[in-house]
Amino acid sequence: MLKIWFLVFTLFLFVSTETLDDEDSIKFQESLKASNASYLVGPAPCPNGWQYKSLTSSCYIVPNTFLSWSDAETYCENVTGGTLLSILNQPEYDLIQSVAKSYSPIYPIWLGLFRDPSYQFSDIYRWVDNNYRLNLSKWLPNEPSNSKDCFVWKTSEPSGYKSISCKYSQPFMCKQHAANCETTVFEGMSGNLSSPNYPYNYDNNLDCFYHITVPDGYIVKLTVLDFATEGIFDYLQIYDGADDQSFVLQKLGGTNVPIGFVYESTQRYMTLKFHTDYSNVNTGWFLNFIARYTVVL
Ligand SMILES: [Ca+2]
């Protein structure tokens, strides 16, 4: 399995050797009396400009351009952060058909669908954002053609899928899974953070954000108390700053993360992002943070 090979060739490095028991200033002890707060922000499931559909927990956008299949897929990945449209079940087909029809009543739109090269002598297809092989039931009569390698969705009646040459410029939709975590904001001198459902298994397809802010003159000292995720595919990324554009302090994944390891910010902010992929879960993680007084020269 592809995932195993990634695991074999990937090595996690841990940069901090500080332990839980190092000294903190008297000032820190005194100010522990200060109140702590955490609260949830959101939900804001889709980026700006995307349509959220609760039925599929997904976001959709229609770029105002016609492109070839490969250019459209690249556009969805690089420009929008999604993938070409997949239709994973009948409710999604019905839901998106009305959107697609109003957007492009004449021209068929690209599907993020490809013939699985490992099964080229049988009709096995995959969606670009989903690992499942599906026997599709939406083909138009006499489709798919063996001589054409890309697939469109004709949204006008009779609607259905057909194969065309990949080089044609067609309209398209991009899709991405909605962020199904609320963003958690921590403010104060200390707090505990854990993955969703901890100590029970977290879900697939997560992108959860945690923002920590400690008082002026302090830095964030984050300690790992428990950690178990699926290798490199489900990871917790720790940023030295107020958002995920900041410097990455560490990327944690797997089941060998040392308990008691500490990561410190250089300023009063720290951000964490927990990402999980489409399959295989574990019990997740439990962390603690405290504000540590620091003298900035
Ligand atoms: Ca996973």
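This is a predicted model: local features need pLDDT of at least 70, side-chain atom pairs count only at pLDDT 80 or more; totals for chains, interfaces and linings use all residues.
When neighbours within four places in sequence are left aside, the contacts of Phe-289 comprise Ser-190, Gly-191, Leu-193, Ile-212, Val-220, Lys-221 and Leu-222.

Phe-289 and Val-220 are also among the residues with the most contacts inside the largest nonpolar core, which has 32 residues; the others in that group are Tyr-210, Ile-212, Leu-222, Ile-238 and Met-270. Two or more residues of this core come from each of strand S14 (207-213), S15, strand S16 (235-239), strand S17 (248-253), strand S19 (269-275) and S20, with S15 giving the most, namely seven residues. Apart from this core lies another, of 26 residues, which includes Tyr-60, Ile-61, Ala-72 and Phe-172. In soluble globular proteins, nonpolar side chains tend to be buried together.

The loop between S16 and S17 contains Gln-245, which counts as exposed because it has 8 C-beta neighbours inside 10 Å, where the cut-off for an exposed residue is 12 or fewer. The C-alpha atom of Gln-245 is separated by 9.5 Å from that of Thr-271, although the two residues are 26 residues apart along the chain.

Elsewhere in the chain, an open sheet of four strands has the order S2-S3-S11-S4, and its pairing is antiparallel. Strand S2 (51-53) and strand S4 (83-84) form the edges of this sheet, each pairing on one side only. Three bridges join S2 to strand S3 (residues 58-61), the two strands running antiparallel, and in this arrangement Cys-59 of S3 is the bridge partner of Tyr-52.

Helix H3 (residues 69-80) has 12 residues and reaches 16 Å from its first C-alpha to its last, close to the 16 Å expected at 1.5 Å a residue. Its buried residues include Trp-69, Ala-72, Glu-73 and Cys-76; seen down the axis of H3, the buried residues fall within an arc of 100°, so they line one face of the helix. An α-helix has 3.6 residues a turn, so residues three or four places apart point the same way. The buried residues of H3 pack against S4, strand S5 (109-110), strand S9 (150-154) and strand S11 (174-177), and S4 and S11 are also members of the open sheet of four strands. The face of H3 turned away from the buried side carries the exposed residues Asn-78 and Val-79, and the helix is followed by Gly-81, whose phi is positive, near 75°.

Taken over the whole chain, four helices and 20 strands are present, and 29% of the 297 residues count as buried. Among contacts in the chain with a separation of 6 or more, 75% are accounted for by residues 24 or more positions apart.

Definitions and conventions. Residues are numbered from 1 along each chain as its sequence is written. Two strands pair if DSSP finds at least two bridges between them. A residue is buried if 20 or more other C-beta atoms lie within 10 Å of its own, exposed if 12 or fewer, and partly exposed in between; C-beta atoms are placed from the backbone. Two residues are in contact if their C-beta atoms, placed from the backbone, lie within 7 Å. A nonpolar core is a set of buried Ala, Val, Leu, Ile, Met, Phe, Trp, Tyr and Cys residues joined through C-beta atoms within 7 Å. The expected span of a helix is 1.5 Å times one less than its number of residues. The arc is that of the directions from the helix axis to the C-beta atoms.
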